[in-house]
Amino acid sequence: MATVRDTIAYAESRRVTLCVLSLAFKNAFDRIAHNYLFQTLQGYGIGKAFIAGIKRLYEVATPSVQINGHEYGSIPIRCAVRQDCPMSMALYALCLHPFLHFLDLNLPGIRTGRRTGPTLVVAYADDVTIFMTSAADFAIIEESIRLYERSSGACFNPRKSKALAVGSWCTQETVLRIAYHPHLVILGVTFWGTIKQTMKNSWSRLTEKVRAQAKRDYTRGPCLSTRMRCINTFLLSKIWYTVQILPAPNIHTQQMTTAIT
């Protein structure tokens, strides 16, 4: 999230037109085609024995339908990574990487000064954030999405995707049918068009949540140990996550300190 913050701050200070695009895919983990998964693993040069082991895990899994206490049929599973499997996140990341690599090769991105290369895309699992500096980038993104959909079985969801305009970016309707919003929520952090606005609104919302939760928990009259556990587990964790990205204004620090203590 620090990358998103730094990119918006750089574009704002240098008056660079920027669009932050948050892409969403329908049932991202459930739509990965197994053939695409195995070919991707092979393309990365992963050993044949390991790929054969992954194939055995997925090819032997077959669900059945139960009607009135009787099971019928054996339905083969041709897509999706296994739920509750420790490897699923890594397998999905490998499947998503060709899509991200295509964007890296074709988008110009934005140079923020301290980085050796341009900032193009930030991804965590199925949360993909793209930085655009020109409306021409939409055509590249559209092409990459279509290629990824045809090869992997993924399905782009324009309704859940969002765009954030920074600076003088033109907010006309895009070919991807992605609506512009005044703010974006990326991994639990709400970003606005300016860093000042981002800090103000993020900490105002967080302060309200912390004060409301502290009020609910403290009205039960917990003992000191329970109260400390509540503070460390439910209240401070939210604060630490946000403060490492956005510094807390003094007024909100005082309000939360009063609410917690």
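Q: Where in this model does asparagine 68 lie?
A: Asparagine 68 sits in the loop between strand S2 (65-67) and strand S3 (70-72). The model is a predicted one.

Q: Why is asparagine 68 called exposed?
A: Its relative accessibility is 75%, and exposed means over 50%. The value is over the cut-off, so asparagine 68 counts as exposed.

Q: Why does asparagine 27 count as exposed?
A: Asparagine 27 has 52% relative accessibility, and the term applies over 50%. The residue therefore counts as exposed. Asparagine 27 belongs to the loop between S1 and H2. Although it is not a glycine, asparagine 27 has a positive phi of about 45 degrees.

Q: Why is threonine 7 called buried?
A: Buried means under 20% relative accessible area. Threonine 7 has 0% relative accessibility, so it counts as buried. Its place is in helix H1 (residues 2-14).

Q: What does threonine 7 touch, leaving out residues up to four places away in sequence?
A: Threonine 7 touches Leu18, Ile110, Thr112, Thr119 and Phe131.

Q: What makes the pair of threonine 3 and threonine 7 a polar contact?
A: A polar atom of the threonine 7 side chain lies 2.7 Å from the backbone oxygen of threonine 3. The distance cut-off is 3.5 Å, so the pair is within it.

Q: How many disulfides does the model have?
A: The count comes to 0 disulfides. Cysteine 85 is in none, and the nearest cysteine sulfur, that of cysteine 95, is 13 Å away.

Q: Is cysteine 95 buried or exposed, and why?
A: Cysteine 95 has 0% relative accessibility, so it counts as buried.

Q: What makes up the largest nonpolar core?
A: The core has 38 residues, and those with the most contacts inside it are Leu21, Leu23, Leu37, Phe99, Ile130, Ile141 and Tyr148. The elements that give it two or more residues are strand S1 (18-23), helix H2 (34-43), helix H3 (48-59), helix H4 (88-106), strand S5 (127-132) and helix H5 (137-152). H4 gives the most to this core, with 7 residues.

Q: What does phenylalanine 99 touch, not counting residues up to four places away in sequence?
A: Phenylalanine 99 touches Leu23, Phe25, Val128, Ser144, Ile145 and Tyr148.

Q: What makes S4 and S7 edge strands?
A: Five strands, in the order S4-S5-S1-S6-S7, form an open sheet with mixed pairing. Strand S4 (121-124) and strand S7 (179-180) each pair on one side only.

Q: How do you know that S1 and S5 pair?
A: Pairing requires at least two bridges, and 5 bridges join S1 to S5, so the two strands pair. They run antiparallel. Leucine 23 stands opposite valine 128 in S5. H4 lies across S1, S4 and S5, and it runs at about 170 degrees to S4.

Q: Why do S8 and S9 count as paired?
A: S8 and strand S9 (residues 189-192) share 4 bridges in the antiparallel sense, and at least two are needed, so they count as paired. Histidine 183 has tryptophan 192 in S9 as its bridge partner. The hairpin of S8 and S9 has 2 residues between the strands, and leucine 187 takes a positive phi near 55 degrees there.

Q: How many helices and strands does the protein have?
A: There are 8 helices and 9 strands. Of the 261 residues, 38% are buried.

Conventions
Residues are numbered from 1 along each chain as its sequence is written. This is a predicted model: local features need pLDDT of at least 70, side-chain atom pairs count only at pLDDT 80 or more; totals for chains, interfaces and linings use all residues. Side-chain values use heavy atoms; hydrogens and water are left out. A nonpolar core is a set of buried Ala, Val, Leu, Ile, Met, Phe, Trp, Tyr and Cys residues joined through side-chain atoms within 4.5 Å. Buried means under 20% relative accessible area, exposed over 50%, partly exposed in between (1.4 Å probe, protein chains only). Contact means heavy atoms within 4.5 Å. A polar contact is a pair of N or O atoms within 3.5 Å; within protein, one must be able to donate a hydrogen and the other to accept it, and residues adjacent in sequence count only if both atoms are side-chain atoms. Axes are lines fitted to C-alpha atoms, for helices over the stretch in contact, and angles run from 0 to 180 degrees between N-to-C directions. A disulfide is a pair of cysteine sulfur atoms within 2.5 Å.
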